[in-house]
Amino acid sequence: MDLVIMAAGMGSRFGGSKQTQIVGYNGEFIIDYSIYDAIKAGFNRVIFIIRKENLEEFEESIGKRIKKYIEVLYVFQDMNNLPIKIENLTF
């Protein structure tokens, strides 16, 4: 079973990357709790939807730590590579 985590946001309302914000007493990230619960529930793969420019940060801070417990895949969100043409849409 796959856990899909959408983590391509810029964290503008939060003021930075929520995914790598330490919140636990032992250096845990917010995302660690979701992954831990998913593993306990029987998930065997986590798929991160991220921006390509964040790959190195994700691999270093999250991916390397969890890959010994669960398979890790990355999918890139790219607003310039959409399956349909969207006109007059601003972000």
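Which pattern does the chain follow when read along the sequence? In this predicted model, for which local features need pLDDT of at least 70, side-chain atom pairs count only at pLDDT 80 or more, and totals for chains, interfaces and linings use all residues, the chain follows the pattern β-α-β-α-β. Residues are numbered from 1 along each chain as its sequence is written, and side-chain values use heavy atoms, with hydrogens and water left out.

The chain has two helices and three strands, where helices (H or I, at least four residues) and strands (E, at least two) are DSSP runs numbered from the N terminus. Buried residues make up 26% of the 91 residues in the chain, a residue being called buried under 20% relative accessible area, exposed over 50%, and partly exposed in between, with a 1.4 Å probe and protein chains only. Of the contacts in the chain with a separation of 6 or more, 71% are accounted for by residues 24 or more positions apart, a contact meaning heavy atoms within 4.5 Å.

The two helices, H1 (residues 30–40) and H2 (residues 55–66), have axes that come within 12 Å and cross at roughly 25 degrees; the axes are lines fitted to C-alpha atoms, for helices over the stretch in contact, and the angles run from 0 to 180 degrees between N-to-C directions. H1 and H2 are therefore roughly parallel to each other, since angles under 35 degrees count as roughly parallel, over 145 as roughly antiparallel, 65 to 115 as roughly perpendicular and the rest as oblique. On the side of H1, the contact is made by Ile31, Asp32 and Ile35, and on the side of H2 by Ile62, Arg65 and Ile66. These residues divide into four nonpolar, no polar and two charged, with Ala, Val, Leu, Ile, Met, Phe, Trp, Tyr, Cys and Pro counted as nonpolar, Asp, Glu, Lys and Arg as charged, and the others, Gly among them, as polar.

Within H1, the buried residues are Ile31, Asp32, Ile35 and Ala38. Seen down the axis of H1, they fall within an arc of 125 degrees, so they line one face of the helix; the arc is that of the directions from the helix axis to the C-beta atoms. These buried residues of H1 pack against strand S1 (2–6), S2 and H2, whereas the face turned away from the buried side carries the exposed residues Tyr36 and Lys40. Also found in H1 is Ile39, which is partly exposed, with a relative accessible area of 31%. When neighbours within four places in sequence are left aside, Ile39 is in contact with Tyr69 and Ile70. Just after H1, Gly42 takes a positive phi of about 105 degrees.

In H2, the residues Phe58, Ser61, Ile62, Gly63 and Ile66 are buried. They cover an arc of only 155 degrees around the axis, which puts them on the same side of H2. The elements that cover these buried residues include H1, strand S2 (45–50) and strand S3 (71–76).

Strand S2 holds Ile47, which counts as buried at 14% relative accessibility. Not counting residues up to four places away in sequence, Ile47 touches Asp2, Leu3, Val4, Ile5, Leu73 and Val75. The C-alpha atoms of Ile47 and Glu71, which lie 24 residues apart along the chain, are separated by 8.4 Å.
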